[in-house]
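Subject: Structure for you to look at

Dear colleague,

I am handing over the structure below, and after it you will find my notes on what was found there. Please read them with the model open beside you.

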Amino acid sequence: MSLGRAVLWLNLTLRSARRISRAQFMEGQPQGLPNPGAMENGGGSRGEERPPAAQETIVTEGAAKIVFPSANEVFYNPVQEFNRDLTCAVITEFARIQLGAKGIQIKVPGEEDIQKVVVDLSEQEKDKVEPKEDENLVPGDKPRTAAVGEICEEGLRVLEGLAASGLRSIRFAREVPGLQSVIANDASARAVDLMRCNVKLNDVAHLVQPSQADARMLMYQHQKVSERFDVIDLDPYGSPAPFLDAAVQAVSEGGLLCVTCTDMAVLGGNSGETCYSKYGSMALKSRACHEMALRIVLHSLDLHANCYQRFVVPLLSISADFYVRVFVRVFTGQAHVKASARSRGSGAPGVRVAPAHLCPVCLQLGGPIWAEPIHDLDFVGRVLEAVSANPCRFHTSERIQGVLSVVTEELPDVPLYYTLDQLSSTIHCNTPSLLQLRSALLHAGFRVSLSHACRNAVKTDAPAEALWDIMRCWEKECPVKRERLSETSPAFRILGAEPRLQANFTIREDANPSSRQRGLKRFQVNPEANWGPRPRNAGKAEERRRLRQNKRKELAEDPARQAARLKMFPCKRFKEGTCDRGDQCCYSHGQPTPEASATPADSAETSDQSSCGVRQGVAL
């Protein structure tokens, strides 16, 4: 070996030793965890070093503790804590059902303490229960249980296709019992590096497996029945449409598919053509756009599943904040697939549609959409009961209880809804109270409920003719000036007919739903200023917003220049002999100069000529 090669080899060896020593030193510091994945996945150069610990931030959510770069290179949205809490609650109940069929009981943190308190309150019931528990047990056998943080050999296999920092997967491992494995996948090398650090920080490496791959290819590789996942969670930035085809093939028989959509502008009807290209449905820009978005996503999921002789069964469909979230189970069955056409709805007469979009006055056509129930009320009741019994488990337990309570009160067989302001603004009258309209519908013999998707929604099985008859009766109590209505307006046509139904607006006791009486937290208040969906480069957007502030305000004029400009105009009070300011007056007390006197006339003449020219141009 030559001297030059020996020196080069020694230099590289010492450099590697220094790098290893630095990594070992940083192991005991949470904010400076090593970055072993940078070289393994090709995410960094050979001489790349991690930023100092001061540039990282630790975020705690639920039972997980996550390290995030201060520059937020990996996407994290703290507002979606409600989404993650609800997902943990849903998967827990799904695991309770799936493992219960195998004779395995799950242990949820907090539930054991509640059961002990209930048993201690009644010693007699305790004596009755204990013998019954031992009757079915063979001597020497112990009941099979699954606890949080432990590997369950017959448990659920979970895939988070777009994991980003791995927060959701880590929360699954630390909060949901009965799991066999959790694959946290992301296409970004930086995200996978951060996932490895966070997995090690939370001590869940035995459950969570970071993966760097395209989510679609990963799911396509698990199409075999023996390799499918029991739970697949998709929470993309935008539309999940590119991942749906692979997801419905990679989920096991009866497995759970959780999908989030944040492209509400498309689903809300701002671009019907774009919605059709992504979801196979034409969205309408209406007041019921949030529930229609849910039904469009369910329709798209079922349509993708039908291509492979599979179909979906919705468990829970939520519209919250700036996104929609659906939880569905996927089954296989040719007979059900052939009958899936019945679950579609459109704006055509004779097909199941939302009543708000089949109106004799103004007809709107859209869809197709999912026209069957969007919730499994039995499953929703199980989740609600579990969250209510253990409210300390989640930070957003109050909101989960409020939303699920409204969901249980919704009419399951009535697609979409009306809104109070929509009905009253159509005929230009005062808005009735929610209790008055609900009471009128109940007096008329129809069913009515609220909707979790809108605060002032009215979901009813009353036909459009009956509902407009009720609004005609309300208009007679709060008259509208008919002479101001255009003959071509919907209000003129609606109010021009006499109501066939005489509405009774007397308040009924059952008109006020239970969730409203108990004052549950049904709708979220904005948690911060300028709250809502933000672009990826939020820092640049804030900088542009700061630079654009006050750009339309005129700059302050110099006082001397302003005084000279005002002296060009004569004082009207001086002409009338009433100005007592003398030389202190800001206007001129002398005779007006020819230029100043001619300027207004010339400008007026020019204005008359130009406006005359405009009028002549319009006339011609």
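A hairpin made of two residues links strand S15 to strand S16, where helices (H or I, at least four residues) and strands (E, at least two) are DSSP runs numbered from the N terminus. S15 (residues 448-451) and S16 (residues 454-460) run antiparallel and are joined by three bridges, and two strands are said to pair if DSSP finds at least two bridges between them. Within this pairing, Ser-449 stands opposite Lys-459 of S16.

Before going on, please keep in mind that this is a predicted model, in which local features need pLDDT of at least 70 and side-chain atom pairs count only at pLDDT 80 or more, while totals for chains, interfaces and linings use all residues. Residues are numbered from 1 along each chain as its sequence is written, and side-chain values use heavy atoms, with hydrogens and water left out.

Helix H18 (residues 464-477) has 14 residues and reaches 20 Å from its first C-alpha to its last, close to the expected 20 Å, a span defined as 1.5 Å times one less than the number of residues. Among the buried residues of H18 are Trp-468, Asp-469 and Trp-474, and what covers the buried residues includes strand S14 (418-419) and helix H17 (434-443).

The largest nonpolar core has 50 residues, and those with the most contacts inside it are Leu-86, Leu-256 and Leu-316; such a core is a set of buried Ala, Val, Leu, Ile, Met, Phe, Trp, Tyr and Cys residues joined through side-chain atoms within 4.5 Å. Helix H3 (residues 81-100) gives the largest share of this core, eight residues. A second, separate core of 47 residues includes Leu-257 and Met-292.

Is Glu-160, in contrast to what its charge might lead you to ask, buried or exposed? Glu-160 is buried, with a relative accessible area of 3%, and its place is in strand S5 (residues 151-160). Leaving aside neighbours within four places in sequence, Glu-160 is in contact (heavy atoms within 4.5 Å) with residues including Arg-168 and Asp-233. Its side chain also makes a polar contact of 2.4 Å with the side chain of Ser-169, that is, a pair of N or O atoms within 3.5 Å, where within protein one must be able to donate a hydrogen and the other to accept it, and residues adjacent in sequence count only if both atoms are side-chain atoms.

With best wishes

Conventions. Buried means under 20% relative accessible area, exposed over 50%, partly exposed in between (1.4 Å probe, protein chains only).
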